[in-house]
Amino acid sequence: MTVLPEFRLETYFARWEFTARHHLTASDAQTRTVTDLLALADEQDLAAWRDLDLGYRETWGDPLLREAIASGYTGLDAGEVLCFAGAEEAIYLALTALLGPGDHAVVVTPGYQSAETVPLSRCEVTGVALDPERNWALDVDAVLDAVRPNTVLVAVNFPNNPTGALVEPAEFRRLVAECDARGVRVFSDEVYRGLELDPARTLPQAAELSPRALSVGVTSKSLGLPGLRVGWIACQDRELLSTLERAKHYTTICNAGPSEVLARIAIKARERILTENRALIAANLPVFQDFFAEFAELFEFAPPEGGCVCFPRYLGTEGATEFCRRAVEEVGVLLVPGEVFASRLTPVPADRFRIGVGRRDPEPALDALRGWIRSTRNVQALRADDGEQSQRLLGG
């Protein structure tokens, strides 16, 4: 097995996610209970839940689940969907299978770490950074300029984690078409699709645009159901999916039956769930904007264009990493410093931190952070006053 570097984000969460009092950097939308989810089920799925046999499942995934997933793609059917245990298994197995010595990949940064480190463990990789000075815009021409004769794939993630950035639909179509013309696969992480602030900017799915492209989806992010651990790849290349199905024999073999039934219920109700989650984000954003406006000398904040995470800039002198460390240790508010998203390929601004805007009732976390910042500023002001008085006494 290839030795991979420490997964910084997951290590950070292992330390703090379940011990911090306030989780203000959640990457998923608001989750719900099994009872809530079952209330959305039709009679067929309720019967399937009640009578579920807890034996092994099909490696490809439950056929009815794959049908439900495929219904969300134009022109694809269940035979062009392969299920995985979350998106991470999909990312790991696909990038491992597609890349090898002598190959080249292009990866857009910043992003989820494995989309960079798995390719780097397999072949040569070129990074193309989103531009923080243009609201994390993607330069499609820079991506295409990075393509070489031996380039196998271009990895993208929109809506982007951690920045919340989008690319224009026409530019995304151009990227996929140009890659397709050069025989390059687009590996598209689309796990936040459906949470766009402006629905008109919802991107087409890469697997719909090209017979070679791969679209990664999951129940975890837009649907807010990470506990199900159900992800998938949609792709018109059935031979590739068969290769990945055989690779899955070495990892999970199959998904958990209860998770697949619950995922099927959620995906069939996705429009309702996505509508509710978009409304929650829209209601939360003014709360976050008011908070950051109160401390305009400390933060630069722009809401996400899509998804439920964004990447504000911290302007304080101690830096974003120290700010996040003190926030969680002193007041129990969990944020992720930008250094966790550092790339080996391109610079990622270290003055950033990730915040999540998709959970209910963010006010207690923001109030705790607000009170801590105010008290810290008061202490600093008192120290500054004491210093000035000391200087005056010494000078007098």
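Leaving out neighbours within four places in sequence, Ala-48 is in contact with Val-261 and Arg-264, contact here meaning heavy atoms within 4.5 Å. Ala-48 sits in helix H3 (residues 43-50); helices (H or I, at least four residues) and strands (E, at least two) are DSSP runs, numbered from the N terminus. With a relative accessible area of 23%, Ala-48 is partly exposed. On that scale, buried means under 20% relative accessible area, exposed means over 50%, and partly exposed is in between (1.4 Å probe, protein chains only). Thr-243 is 195 residues away from Ala-48 along the chain, and the C-alpha atoms of the two are separated by 30 Å.

A word on the model itself. It is a predicted one, in which local features need pLDDT of at least 70 and side-chain atom pairs count only at pLDDT 80 or more, while totals for chains, interfaces and linings use all residues. Residues are numbered from 1 along each chain as its sequence is written, and side-chain values use heavy atoms, with hydrogens and water left out.

Now for the overall layout. The protein splits into domain 1 (8-29 + 274-394) and domain 2 (34-271), with bounds that come from an automatic or database domain assignment. Between the C-alpha centres of domain 1 and domain 2 there are 29 Å. Domain 1 puts 32 residues into the contact, and domain 2 puts in 40 residues. Together the two domains bury about 2,900 Å², with 55% of it on carbon and sulfur atoms; buried area is the accessible area (1.4 Å probe) that two parts lose on being put together, summed over both. Of the area that domain 1 buries against domain 2, 27% is supplied by Leu-274, Glu-305 and Leu-345, more than any other three residues.

Polar links also cross this boundary. Between domain 1 and domain 2 there are 20 residue pairs in polar contact (both at pLDDT 80 or more). A polar contact is a pair of N or O atoms within 3.5 Å; within protein, one must be able to donate a hydrogen and the other to accept it, and residues adjacent in sequence count only if both atoms are side-chain atoms. On the side of domain 1 that touches domain 2, the elements giving two or more residues are helix H1 (8-16), helix H12 (270-294) and strand S10 (309-310). H12 has the largest share of that side, with six residues. By type, the residues on this side of domain 1 come out as 16 nonpolar, seven polar and nine charged, where Ala, Val, Leu, Ile, Met, Phe, Trp, Tyr, Cys and Pro count as nonpolar, Asp, Glu, Lys and Arg as charged, and the others, Gly among them, as polar. The count of salt bridges between the two domains is two, a salt bridge being a side-chain nitrogen of Lys or Arg within 4 Å of a carboxyl oxygen of Asp or Glu.

Across the whole structure there are 27 salt bridges. In one of them, Asp-28 pairs with Arg-359, and the closest N and O atoms are 2.8 Å apart. Asp-28 lies in the loop between strand S1 (22-23) and helix H2 (34-38), and Arg-359 in the loop between strand S14 (353-356) and helix H14 (363-395), so this pair ties together parts 331 residues apart in sequence. Asp-28 is buried, at 8% relative accessible area, whereas Arg-359 is partly exposed at 26%.

Arg-313 has two partners: its side chain meets that of Glu-133 in a salt bridge (3.2 Å, N to O), and that of Glu-300 in another (2.8 Å, N to O). Arg-313 belongs to strand S11 (residues 313-314) and Glu-300 to strand S9 (residues 299-300), so their bridge ties together parts 13 residues apart in sequence. Arg-313 is buried, with a relative accessible area of 13%, while Glu-300 is partly exposed at 39%.

Within helix H13 (residues 320-331), Arg-325 and Glu-329 are four residues apart, which means about one helical turn between them. Their salt bridge has its closest N and O atoms 2.5 Å apart.

Two more spots round out the picture. In helix H4 (residues 63-70), Leu-65, Arg-66, Ala-68, Ile-69 and Ala-70 are buried, and their cover includes strand S2 (81-84), strand S8 (231-234), H11 and H12. Ser-259 is in helix H11 (residues 257-268) and is buried at 14% relative accessibility. Its side chain reaches the backbone oxygen of Leu-228 at 2.9 Å.
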